[in-house]
Amino acid sequence: QVLLVESGGGFVQPGASLRLSCAASGRTISAGAMGWFRQAPGKEREFVAGIRWSDNNAFYSRSVRGRFTISRDRAKNTAFLDMNSLKIEDTAVYFCAGYFRGNPIMSTITSPQGYEYWGQGTQVTVSS
């Protein structure tokens with residue numbers, strides 16, 4: 001069993017930056033992918049960013065590309081989401097997700113159905 005724990009959410013003003021972390025415990029990650037999704041009140045959960053563990057290949061939604069960066073630290077079994085130039089519409093609960101087998105393709109990495117482990121979520125609020 002793998003446990004994912006997010007941290008780093010908070011309340012910031014538009015234009016500010018935040019870094020989210022997702023630490024995986026229970027196994028050493030050597031394959032698969034980790035991703036970030038978000039869900040705003042009254043909306044469906046949406047893909048934000050994902051990274052394939054084997055080759056560090058990253059994928060982003062159109063709404064965050066150029067502002068957010070996903071990365072991973074293999075030694076720490078941790079994925080990060082650096083969020084810059086935050087906008088009010090980025091306000092949501094952010095969830096970390098993991099799938100730790102094989103080399104998933106982009107369509108798997110960008111879909112919530114592609115993941116089997118989820119964190120508890122961390123709130124990000126962007127407001128003036």
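Rings of Phe, Tyr and Trp (for Trp, the six-membered ring) count as a pair if their centres lie within 6.5 Å; planes under 30 degrees apart are called stacked, over 60 edge-to-face, and the rest tilted. By that rule, this structure holds five aromatic pairs. It's a predicted model, where local features need pLDDT of at least 70, side-chain atom pairs count only at pLDDT 80 or more, and totals for chains, interfaces and linings use all residues. Residues are numbered from 1 along each chain as its sequence is written, and side-chain values use heavy atoms, with hydrogens and water left out.

View A. Phe37 belongs to strand β4 (residues 33–39) and Trp118 to strand β10 (residues 117–118), so to speak distant parts of the chain, 81 residues apart; strands are DSSP runs (E, at least two residues), numbered from the N terminus. Phe37 is buried at 0% relative accessible area, while Trp118 is partly exposed at 29%. Buried means under 20%, exposed over 50%, and partly exposed in between (1.4 Å probe, protein chains only).

**View B. Trp118 also pairs with Tyr115, this time edge-to-face.** Here it's 6.2 Å centre to centre and 65 degrees between the planes. Tyr115 is buried, with a relative accessible area of 8%.

**View C. Two arginines sit over rings.** The charged end of Arg19 is 4.3 Å from the ring centre of Phe80, and that of Arg45 is 3.8 Å from the ring centre of Phe95. "Over" means that NZ of Lys or CZ of Arg is within 6 Å of the ring centre and within 35 degrees of the ring normal.

Note on methods: Helix = DSSP H or I, 4+ residues; strand = E, 2+ residues; numbered from the N terminus.
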